[in-house]
Amino acid sequence: MKVLWGLDLGGTKIEGVVLKFNDGQGLNEPEVLIRKRVPTESAGGYEKVLGQIKKLLDEMEAESGIKPERIGLGTPGVIDPKSGLLKNSNTVCLNGMPLEKDLAKFLGISVTTANDANCFALAESQLGIVKKEVPDAKVVFGIIMGTGVGSGIVINGTALYGNHGIAGEWGHNYLDESGGKCYCGKIGCVETMISGPALERFYEKKSGEKIALPEIVEQYKLGQDQASKETIEHLLFYFGKAVANVVNILDPDVIVLGGGLGNIDLLYSEGPKHILPHLFN
């Protein structure tokens, strides 16, 4: 038996899981022993985020009765291969900090970090839906859409990181200047147009009312709210444009969606129709 601990550090929540692999190699489908989340509380700053990670691990250890020897942590952004500091995170208090080193010292255990979207794409390729449905896929494009927008690229079973660790940072390609200024300093990034917060801002501008994205989706389904209709149409149109740019470059076998927006069924039923008009082939 092999037990692995993984954490996903998101903009609004930190989620943890303890997985048991009965083959001892970590190659089969794991059994989920425990899965738990806490809020990130990044407004409290870097030290607060570290404290929330420790809080989550302590709670998971207490509930599972297992003490972790090491953890894997998926992060927004990536550890710069030259400086060892985190960069490009939309949880901006993490940027420029030696997160991996600080966490290992704070927790007293070994910590390995990797970009969350790369982790997502690799997991779906090796253990998840891609392995089940398209096991011979050579190129997988994994999209995370939530508080931020990112992606991971897996080629022949290996995540692509690139020379500067930014391969797959699709969320910071230019899409439309109406998205305004992004935290990264550029104007009109994909993330400013179709992330969860961006869509909530779009709805608020149209309606004068601030509500959460799941409620916007429900209002759209009821068909009685013009602002929600415009918001979902905005999402689908710009999702199609943005994804088409990547398809034209990568020509992937599979696109797999994750993150909070990955729960929006319309991205699967209507999304492809909005990608097709922008494709070279």
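The crossing of H1 and H2 is right-handed, meaning the near helix is turned clockwise from the far one by less than a right angle. This is a predicted model: local features need pLDDT of at least 70, side-chain atom pairs count only at pLDDT 80 or more, and totals for chains, interfaces and linings use all residues. Residues are numbered from 1 along each chain as its sequence is written, and side-chain values use heavy atoms, with hydrogens and water left out.

Back to the helices. H1 covers residues 46–64 and H2 covers residues 99–107. Helices here are DSSP runs (H or I, at least four residues), numbered from the N terminus. Their axes come within 11 Å and cross at roughly 50°. Axes are lines fitted to C-alpha atoms over the stretch in contact, with angles from 0 to 180 degrees between N-to-C directions. So H1 is oblique to H2. Angles under 35 degrees count as roughly parallel, over 145 as roughly antiparallel, 65 to 115 as roughly perpendicular, and the rest as oblique.

Who touches whom? On H1, Tyr46, Leu50, Gly51, Ile53, Lys54 and Leu57. On H2, Leu99, Asp102, Leu103, Phe106 and Leu107. Contact means heavy atoms within 4.5 Å.

Next pair. H7 (residues 213–222) and H8 (residues 226–250) have axes that come within 8 Å. They cross at roughly 110°. That makes H7 roughly perpendicular to H8. H7 brings Ile216, Val217, Gln219 and Tyr220. H8 answers with Ser228, Lys229, Thr231 and Ile232.

Methods:
Helix = DSSP H or I, 4+ residues; strand = E, 2+ residues; numbered from the N terminus.
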